[in-house]
There are 2 protein chains.
Amino acid sequence: MSDDSILALEAFLPYRLTRLTDAVSRDFSQAYRARLGLTRPEWRTLATLGQYGTMTATEIGTHSSMHKTKVSRAVAALEQRRWLTRKPDPGDRRVEQLALSKAGEKAYRDMVPVARGFEDDLLERMKPAERKALMEGLAALERAALNRS
Amino acid sequence: MSDDSILALEAFLPYRLTRLTDAVSRDFSQAYRARLGLTRPEWRTLATLGQYGTMTATEIGTHSSMHKTKVSRAVAALEQRRWLTRKPDPGDRRVEQLALSKAGEKAYRDMVPVARGFEDDLLERMKPAERKALMEGLAALERAALNRS
DNA sequence: TCGCCATGGTTACGGTTGCAACCAATTTGT
DNA sequence: ACAAATTGGTTGCAACCGTAACCATGGCGA
């Protein structure tokens, strides 16, 4: 019987999630920070454009869950690095179509195996049944936490 | 057969974790921010002292996974609010023993059911088998990700 | 067509963070 | 016993972030 007036922080779901995410995210960020000198918003923008080819800033934000100011600054940084180009949208002059340059695509191709390797290393430390449970549990939590209208 | 040269960001574990944690953490932070006007480091410090009674700043940081500067600033803020008191440690004059004041304890007691309610609401949106999978998967991922020496 | 609201995107600003430098007190090695 | 290294804790600084304000363009109703 546990004391109802005490909250065990180490068992509290929001705390466990942030601690876990901080650790995983920090470890992974070292991979692209050390390798490419990218910030996290820049990496996400690179990854989104690498995955989808051409997108607007708003679409990047929607797909990668980033605030539009983050996207704006990341796009500006990648553009300055010549990893990204802007093209005016012929149908709507508010919009710019964004795409990776050749150098940006190369950086993306370099990073994909690194990202896969990082994820694989992490998952290989778990038993198959544990991996299955994690995937199932995360999917359920995503349904529970993200789809709150 | 999927394209090996493309990384699906929405299926990438570090991304899924950060997105999930951002959502959960943001929702929960509204509870204590609106109710008590606390920042996240302040809430964690309150929760840690509420759970353990008396601790040093370093111990708080270890238990709640916070950088010592965060702890230092959170302690200063809680002290200014008169929710926390410092006592010199008789055996080591570098250290200060920290504890909640009466007002701090009251705030803690008020917050515990709110935190429990938040967690319960979230978990109730999941089926029992999904909850079980989540707990098992998170525990395994904690072993895999946090215990990297 | 004209006025008004919505949308895409950028920027200024205040607040938060982590790193590194720092001070004081303690421990360690010789 | 004393210099050097370590530890507890605070603070200055630069980078980063979200909010809100803003500009330009587009959509829409009267």
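Colleague: Which helices each supply at least two residues of the surface near DNA strand C?
Modeller: Helix H3 (57-64) and helix H4 (68-80) of chain A do, together with helix H4 (68-80) of chain B. Keep in mind that this is a predicted model.

Colleague: How many residues surround DNA strand C, and which are the closest?
Modeller: There are 20 residues around DNA strand C. The closest are A:Thr58, A:Ser72, A:Arg86, A:Arg94 and B:Lys70. Of the atoms of DNA strand C that come within 4 Å of the protein, sugar and phosphate account for 63%.

Colleague: What kinds of residues make up that surface near DNA strand C: nonpolar, polar, charged?
Modeller: The surface near DNA strand C has 10 charged residues, 7 polar and 3 nonpolar.

Colleague: Let's switch to DNA strand D. Which residues are closest there?
Modeller: A:His67, B:Thr58, B:Lys68, B:Thr69 and B:Arg86 are the closest, out of 20 residues that surround DNA strand D. Sugar or phosphate makes up 63% of the atoms of DNA strand D within 4 Å of the protein, and bases make up the rest.

Colleague: What does B:Lys68 sit by on DNA strand D?
Modeller: An N or O atom in the side chain of B:Lys68 is 2.8 Å from a base oxygen of DNA strand D. B:Arg94 has a polar side-chain atom 2.8 Å from a base oxygen of DNA strand D.

Colleague: New topic. What is the strand order in the sheet of chain B?
Modeller: The order is S1-S3-S2, in an open sheet of 3 strands with antiparallel pairing. S1 and S2 of chain B stand at the edges and each has a single partner strand, so one side of each has no neighbour in the sheet.

Colleague: How many bridges join S2 to S3(B)?
Modeller: There are 5 bridges between strand S2 (residues 84-88) of chain B and S3(B). One facing pair is B:Arg86 opposite B:Leu98. Strand S1 (residues 54-55) of chain B is joined to strand S3 (residues 96-100) by 2 bridges. There, B:Thr54 has B:Ala99 as its bridge partner.

Colleague: Where does H4(B) lie relative to these strands?
Modeller: H4(B) lies across S2 and S3 of chain B, at about 110° to S2(B).

Colleague: Back to chain A. Which residues of H3(A) are buried?
Modeller: A:Ile60, A:Gly61, A:His63 and A:Ser64. The buried residues of H3(A) pack against helix H2 (40-52), strand S1 (54-55), H4 and strand S3 (96-100) of chain A, together with H1 of chain B. Following H3(A) is A:Ser65, with a positive phi near 60°.

Colleague: Let's look at H1 of chain B, then. B:Thr18 is there. Why does B:Thr18 count as buried?
Modeller: Because its relative accessible area is 3%, and buried means under 20%.

Colleague: What is B:Thr18 in contact with, beyond its sequence neighbours?
Modeller: A:Thr21, A:Ser25, A:Arg40 and A:Arg44. The side chains of B:Thr18 and A:Arg44 are also joined by a polar contact of 2.8 Å.

Colleague: And B:Pro14, buried or exposed?
Modeller: Buried, at 6% relative accessibility. B:Pro14 is in helix H1 (residues 13-36) of chain B. Beyond neighbours within four places in sequence, B:Pro14 is in contact with A:Val24, A:Phe28 and A:Phe118.

How values were computed. Residues are numbered from 1 along each chain as its sequence is written. Chains are lettered from A and ligands numbered from 1 in the order in which they are written. This is a predicted model: local features need pLDDT of at least 70, side-chain atom pairs count only at pLDDT 80 or more; totals for chains, interfaces and linings use all residues. Side-chain values use heavy atoms; hydrogens and water are left out. A residue is near a molecule or strand if one of its heavy atoms lies within 4 Å of it. Helices (H or I, at least four residues) and strands (E, at least two) are DSSP runs, numbered from the N terminus. Ala, Val, Leu, Ile, Met, Phe, Trp, Tyr, Cys and Pro count as nonpolar, Asp, Glu, Lys and Arg as charged, and the others, Gly among them, as polar. Buried means under 20% relative accessible area, exposed over 50%, partly exposed in between (1.4 Å probe, protein chains only). Contact means heavy atoms within 4.5 Å. Two strands pair if DSSP finds at least two bridges between them. A polar contact is a pair of N or O atoms within 3.5 Å; within protein, one must be able to donate a hydrogen and the other to accept it, and residues adjacent in sequence count only if both atoms are side-chain atoms. Axes are lines fitted to C-alpha atoms, for helices over the stretch in contact, and angles run from 0 to 180 degrees between N-to-C directions.
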